[in-house]
Amino acid sequence: MSDTFTKGMARNIYYGGSVFFILLFAGLAMHTTREMPKSDHRENLTQAVVNGKAVWEDNNCIGCHTLIGEGAYYAPELGNVFYRRGGGDLDAFKGFMQGWMKIQPLGIPGRRQMPQFNLTEQQVNDLAEFLKFTAEIDVNSWPPNIEG
């Protein structure tokens, strides 16, 4: 190899590296689009789930809670709350959510307080459907324990 680093060598490294990373990115994008339908359960996406996500976003729940590891770490992870508080039963979970949302804030001194959002019964049921949907996504065992 030459003792000097020439412009031609730099150009070849630049173009070769660019082509390599463009091909790598394209391959990863193709892999993701092929694998995501196997783990995200998009066939279970209903209007109630869509409405529940709108409730989640309109009330900025992600500003305090995490969902599948994303969001703020002020309040509990809700990626598995369907199993944690509903035991995998949608009706039991909806009942829990109705009660939980009505009694907020708890008013326990020294504890973080969840605000009262004054959601309708339908909004809470839709939010429960959304949280059930997220709990069923294959997230490689996240969170690492049942309590989030």
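How accessible is Lys 53, and does it count as buried, partly exposed or exposed? At 38% relative accessibility, Lys 53 counts as partly exposed, where buried means under 20% relative accessible area, exposed over 50%, and partly exposed in between (1.4 Å probe, protein chains only). The structure is a predicted model, in which local features need pLDDT of at least 70 and side-chain atom pairs count only at pLDDT 80 or more, while totals for chains, interfaces and linings use all residues. Residues are numbered from 1 along each chain as its sequence is written, and side-chain values use heavy atoms, with hydrogens and water left out.

Consider the overall layout to begin with. The protein chain contains 5 helices and 2 strands; these are DSSP runs numbered from the N terminus, helices being H or I with at least four residues and strands E with at least two. From the N terminus on, their order is α-α-β-β-α-α-α. The radius of gyration is 23 Å, well over the 15 Å that the globule rule gives for 148 residues, so the chain is more spread out than a compact globule. Here the radius is taken over C-alpha atoms, and the rule is 2.2 Å times the number of residues to the power 0.38. Along its principal axes, the C-alpha trace spans about 75 × 40 × 30 Å. Of the 148 residues, 28% count as buried.

Next comes the interior. In soluble globular proteins, nonpolar side chains tend to be buried together. The largest nonpolar core here has 21 residues, and Trp 56, Phe 93, Met 97, Leu 127, Phe 130 and Leu 131 have the most contacts inside it. Such a core is a set of buried Ala, Val, Leu, Ile, Met, Phe, Trp, Tyr and Cys residues joined through side-chain atoms within 4.5 Å. Helices H2 (47-58), H3 (81-86), H4 (90-102) and H5 (121-135) each give two or more residues to this core, and H5 supplies its largest share, 7 residues. Leaving aside neighbours within four places in sequence, Phe 93 has contacts (heavy atoms within 4.5 Å) with residues including Val 81, Phe 82 and Leu 131.

Charged pairs complete the picture. The structure holds 5 salt bridges, each a side-chain nitrogen of Lys or Arg within 4 Å of a carboxyl oxygen of Asp or Glu. One of them joins Lys 53 to Glu 57 (2.1 Å, N to O); both residues lie in helix H2, 4 residues apart, about one turn of the helix. Glu 57 is partly exposed, at 48%. In another, Asp 40 pairs with Arg 42, with the closest N and O atoms 2.7 Å apart. Asp 40 is buried, at 13%, whereas Arg 42 is partly exposed, at 47%.
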